[in-house]
Amino acid sequence: MTAALTLEHLTKRFGGLVAVQDVTVEIAAGGITGLIGPNGAGKTTLFRVITGGVRPSAGRALYYGREITGWSAHAVCRLGACVTHQIVRPFADLTVLENVLVGAAFGGSHRLGGLTARAEAEAVLEFTGLARRRDVLASTLTLAERKRLEIARALATRPRVLLLDEVLAGLTPAETDQAVALVRAIRDRGITIVMIEHVMRAVMDLSDRVLVLNYGRLIADGLPAEVTRNPQVIEAYLGRDFGVM
Amino acid sequence: MRAARPAALAAPVIGILLALVPVIAPRNVSLLNLGFFTFLYVARGVAWNILGGFAGYISFGYAAFFGLGAYTTALLWLRGWAPVATYPLAGLVAAAFSLVVGAPTLRLVGPYFSIATIGVGEAMRILALNLDRVTGGASGLNLPTTVPSKGWFYTAALVCAAVSFAIAAGVRRSRFGLGLQALRMDQEAAESLGVRTALFKNLAHILSAFLVGACGGLEATYLQYLHPDSVFGFTESISLVLITLIGGLGTLWGPVLGAAVFYAVQDYLLASYPTLHLLVYGVLLILILLFEPKGLAGLAARLWRRMQVSR
């Protein structure tokens with residue numbers, strides 16, 4: 001079976017800085033892959049290189065065997081790979097429903113008619129638990145709701161691969177639990193998830209596989225338990241205390 | 001997207017009432033002239049708002065489209081075309097030019113875009129001044145003197161305004177309009193949700209340039225004399241920005257209200273105090289930016305809500 005995402009020697013340089021360096025990895029369809037690493041390791045840049053926000057300096061990215069290197073962001077989204085933003089970017093003057101409607105009306109490989117798009121948006125709101133808030137302006141939402149809205153909008157584009165960038169950051173423990181449950185529910189729908197996350201408990205809990213990035217390089221790749229024992233990872237990111245835990 | 005029933009009915013009713021004016025008062029030339037210029041400003045303000053208000057790209061260069069439309073009509077008219085037949089062409093010439101200008105400038109964001117459009121507008125004025133063989137240059141261009149009645153002009157301008165308004169209303173409630181709003185608020189987020197932002201911005205630009213170009217054609221027929229400094233003038237560009245900001249940026253009714261106030265003030269003050277209208281616009285602009293960013297339309301909506309509550 002072809003992998004959902006294939007990255008071959010993917011590299012991104014910003015002037016003299018190498019943000020992503022020679023990353024080669026295959027991500028199989030289904031399941032959750034965690035992407036961790038210290039701040040500035042190039043995690044978000046890697047997401048943006050895959051989904052068309054920035055053009056890679058070298059290497060290739062493939063989506064189900066189809067080359068998407070250098071595609072524009074809207075094209076990658078329509079093909080079926082959608083990314084959420086670390087710093088939430090709701091359309092502030094639109095209602096929650098309209099925000100999700102943007103994803104439903106524009107994302108996806110086949111275009112939905114007005115009414116179908118609306119029904120899709122409503123279904124997504126129901127699924128993500130935002131239905132109650134559908135008619136309020138996005139600018140009035142709490143942070144947890146905004147993070148949820150990011151996910152909802154992305155889901156409305158009907159992706160096969162969903163790239164989640166720190167959707168748990170800044171949430172209270174209770175909110176985190178709810179968000180973790182939502183991520184699981186999305187996975188259970190058969191959507192392949194890659195998630196950047198710093199909340200270790202959640203990443204280790206959710207992920208079937210963990211990738212570790214440091215200074216733009218992939219330094220570890222394996223089951224959560226293996227990765228936490230990897231001395232390089234402990235040195236670069238987790239710290240000694242985590243290893244003892 | 002949010003449907004407002006009374007407002008949807010208001011537009012056709014107002015349109016029909018206004019259309020009766022030339023029937024009732026066919027000889028009231030000053031009233032018909034007032035209507036002609038106001039409606040043309042409405043048409044252009046509403047059109048400008050499709051790019052400036054819905055998509056958030058504030059252009060100071062629409063005189064280029066207006067002037068191109070005016071000269072297209074003028075030159076064809078001098079070659080024996082009926083003026084009415086040239087208006088769609090005037091629009092098309094402006095639309096084609098907007099594509100040439102928009103492809104590079106719409107990549108710029110915020111004030112950078114606005115500044116680039118000032119350059120484009122001025123460049124067109126200078127060009128028109130110097131291409132004397134085509135445009136008559138600084139001595140201007142005299143057009144045929146056989147023109148329709150004032151009542152005809154009044155109705156034609158009203159039709160322009162109605163078409164512009166209907167198109168803007170259609171855009172606003174369409175998928176295209178949703179995409180424009182999304183890209184105004186956050187271009188990157190819109191793009192990552194599948195909105196083809198570059199295409200949409202250019203489409204909005206072309207659509208509004210077409211309408212403004214056609215208006216230029218109609219105004220050329222009325223004026224019977226064209227000069228680059230008037231139709232390509234910076235005043236023309238800035239008028240559309242002022243009309244929309246005073247009326248309410250991004251609202252459907254804003255440019256309509258804005259144009260009425262704008263032209264009424266100008267018409268009333270210009271004769272006795274030639275520059276006082278500029279002071280009035282300045283004060284209005286400051287008040288609006290400080291107290292009601294949605295302009296007169298926002299103010300009207302606020303008063304309407306207050307009346308509903310107190311009832």
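I count two residues as in contact if their C-beta atoms, placed from the backbone, lie within 7 Å. I am working on a predicted model.

**Confidence, chain A**

I checked pLDDT before anything else. The mean for chain A is 90. Of its residues, 97% reach 70 or more. I then went through the elements of chain A. Strand β8 (residues 192-196) of chain A has the highest mean pLDDT, 95. Helix α10 (residues 240-244) of chain A has the lowest, 58. Where pLDDT is low, the predicted coordinates should not be read in detail. I left α10(A) at that.

**Contact between the chains**

I looked up both sides. Chain A gives 22 residues to the contact, and chain B gives 17. On the chain B side, I found two or more residues each from α9 (175-185) and α10 (187-192) of chain B. I sorted the chain B side by residue class: 8 nonpolar, 5 charged and 4 polar.

**Sheet in chain A**

I traced an open sheet of 4 strands in chain A, in the order β2-β1-β4-β5. Its pairing is antiparallel. I followed β1 (residues 5-14) of chain A next. It pairs with β2(A) in the antiparallel sense, over 7 bridges. I looked up the bridge partner of A:T6 in β2(A) and found A:E26.

Then I asked what packs on the sheet. Helix α1 (residues 43-51) of chain A does, touching β1, β2 and β4 (58-63) of chain A. I noted the angle between the directions of α1(A) and β2(A): about 65°.

Conventions. Residues numbered from 1 in each chain as written. Chains lettered and ligands numbered in written order. Predicted model: local features only at pLDDT ≥ 70, side-chain atom pairs only at ≥ 80, totals over all residues. Nonpolar A, V, L, I, M, F, W, Y, C, P; charged D, E, K, R; others polar. Pairing = 2+ DSSP bridges. Axes fitted to C-alpha atoms, helices over the stretch in contact; angles between N-to-C directions. pLDDT = per-residue confidence, 0-100.
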